[in-house]
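Colleague: Hi, I have the sequence and the fold open next to me. Could you walk me through some of the helix packing and charge pairs?

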Amino acid sequence: MSEELLDEIEAINSIYGDDTLTPYPLSSSDTPNTSNLETYILRLPPLDPSPNPESSSSSSLRLHFPAAYPAAAPPAVVGTHSSSGGSKRGAAARDLQLFRGAVAAVYAPGQVCLFDALERFKEDAAASAAAVHHRDDEDEDAVTEEEEEQQSAAIHDDENETDEEAAAWVISDPVVELKSTFVARCAAASSPAQAARYIRHLLASDRRVRGATHNMTAWRIRGAGGATFQDCDDDGETAAGGRLLHLMQLMDLWDTVVVVTRWYGGQKLGPRRFALINAAARDAFVKAGLVGDSAAAKRKGHGK
């Protein structure tokens, strides 16, 4: 661990509280190839010092600090770690996306960035909460059904409605079992930042995806000078992101980001759900032409 990171951890805990940034010990079940990363749990600070749980953030995020941080690489915001039962639905996912955006906005090579990222997060989260409150206070009759349909169509038909970069997603066939539906999307990505932008744009522009039970993600990128980057996010489906990343490793896929969306059907699938998640992802990879004939034939030989 670098001296800069040690100093930053001490400073963050001094400013926001002793348990703001705490180590997360890796276990044998964690994602492979993380031996050169320092993993921590970041408890996001409350937006309002009042005890009202709805006015403060209760999300915790999992961060990976690469060996090159802060000299040449930012911390990777892997996903959510926990969210209190009092949080509104979707609050953890919102906080995750806001903090990822904050890190991307403030990081500069050679400089630690967590304090600036946390302050940026607080500003963006407060602005987001204010916008939601303003919408809730509007008269329900202000928007007619026709206007609402036009707004919904604009979200899907005009990618310029969001500031994030749109991806050319290749979409799998739906995988359905016990009323749960899984759909995968994959796209080419040239950098970790681009992969994150693609995911943010998808969630911002597709209401059905945004409202799904889980949106599990993984990506692998080859950078300049032989550098490689890979990351994943469970989005509440424990270990699913790591399994997606492992599938990409087995298939030797690079410069690709994948999102598997699950709409829960009301019946638990148990471990079977991981096979369905990977099946949807594999179908998207095949449809995108990322899998050679020999690899496809090998999988057919093994069967299901």
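**Helices, a strand and salt bridges**

Modeller: Happy to, and keep in mind that this is a predicted model. Let me start with helices H7 and H8, whose crossing is right-handed.

Colleague: Nice. At what angle do H7 and H8 pack, and how far apart are their axes?

Modeller: The angle is about 40°, and the axes are 10 Å apart. H7 covers residues 240-250, and H8 covers residues 272-287. The two helices are therefore oblique to each other.

Colleague: Which residues of H7 and H8 meet?

Modeller: From H7 you have Ala240, Arg243, Leu244, Leu247 and Met248. On the H8 side they meet Phe274, Ile277, Asn278, Ala281, Arg282 and Phe285.

Colleague: And by class, what does the contact of H7 with H8 have?

Modeller: There are 8 nonpolar residues, 1 polar and 2 charged.

Colleague: OK, on to H2 and H5. How do their axes cross?

Modeller: The axes of H2 (residues 91-106) and H5 (residues 192-205) come within 11 Å and cross at roughly 140°. Angles over 145 degrees would count as roughly antiparallel, so H2 and H5 are oblique to each other. Their crossing is left-handed.

Colleague: Which residues make that contact between H2 and H5?

Modeller: H2 brings Gln97, Arg100 and Gly101, while H5 brings Ile199, Arg200 and Leu203. By class, this contact has 2 nonpolar, 2 polar and 2 charged residues.

Colleague: Changing topic: how many salt bridges are there in the whole structure?

Modeller: A search finds 11 salt bridges. One of them joins the side chains of Arg94 and Asp95, at 2.6 Å from N to O.

Colleague: Is Asp95 buried or exposed?

Modeller: Asp95 is buried, with a relative accessible area of 1%.

Colleague: Which side chain does Arg273 meet in a salt bridge?

Modeller: Arg273 pairs with Glu237, at 2.9 Å from N to O. Arg273 lies in helix H8 and Glu237 in the loop between strand E9 (228-233) and H7, so the pair ties together parts that are 36 residues apart in sequence.

Colleague: Are Arg273 and Glu237 buried or exposed?

Modeller: Arg273 is buried, and Glu237 is buried too. There is also a network to look at: salt bridges that share partners join Asp173, Asp283 and Lys287.

Colleague: Last one. Where is Thr181 found?

Modeller: Thr181 is in strand E7, which covers residues 180-188. Its relative accessible area is 18%, and buried means under 20%, so Thr181 is buried.

Colleague: Which residues is Thr181 in contact with, leaving aside its neighbours within four places in sequence?

Modeller: With those set aside, Thr181 is in contact with Pro174, Val175 and Val176, and also with Thr261, Arg262 and Trp263.

Colleague: Great, thanks. I'll go and find those on screen.

Methods
Residues numbered from 1 in each chain as written. Predicted model: local features only at pLDDT ≥ 70, side-chain atom pairs only at ≥ 80, totals over all residues. Heavy atoms only, no water. Axes fitted to C-alpha atoms, helices over the stretch in contact; angles between N-to-C directions. Helix = DSSP H or I, 4+ residues; strand = E, 2+ residues; numbered from the N terminus. Parallel < 35°, antiparallel > 145°, perpendicular 65-115°, else oblique. Left-handed = near helix turned anticlockwise from the far one by under 90°. Contact = heavy atoms within 4.5 Å. Nonpolar A, V, L, I, M, F, W, Y, C, P; charged D, E, K, R; others polar. Buried < 20%, exposed > 50% of the residue type's maximum accessible area, 1.4 Å probe, protein only. Salt bridge = Lys/Arg side-chain N within 4 Å of Asp/Glu carboxyl O.
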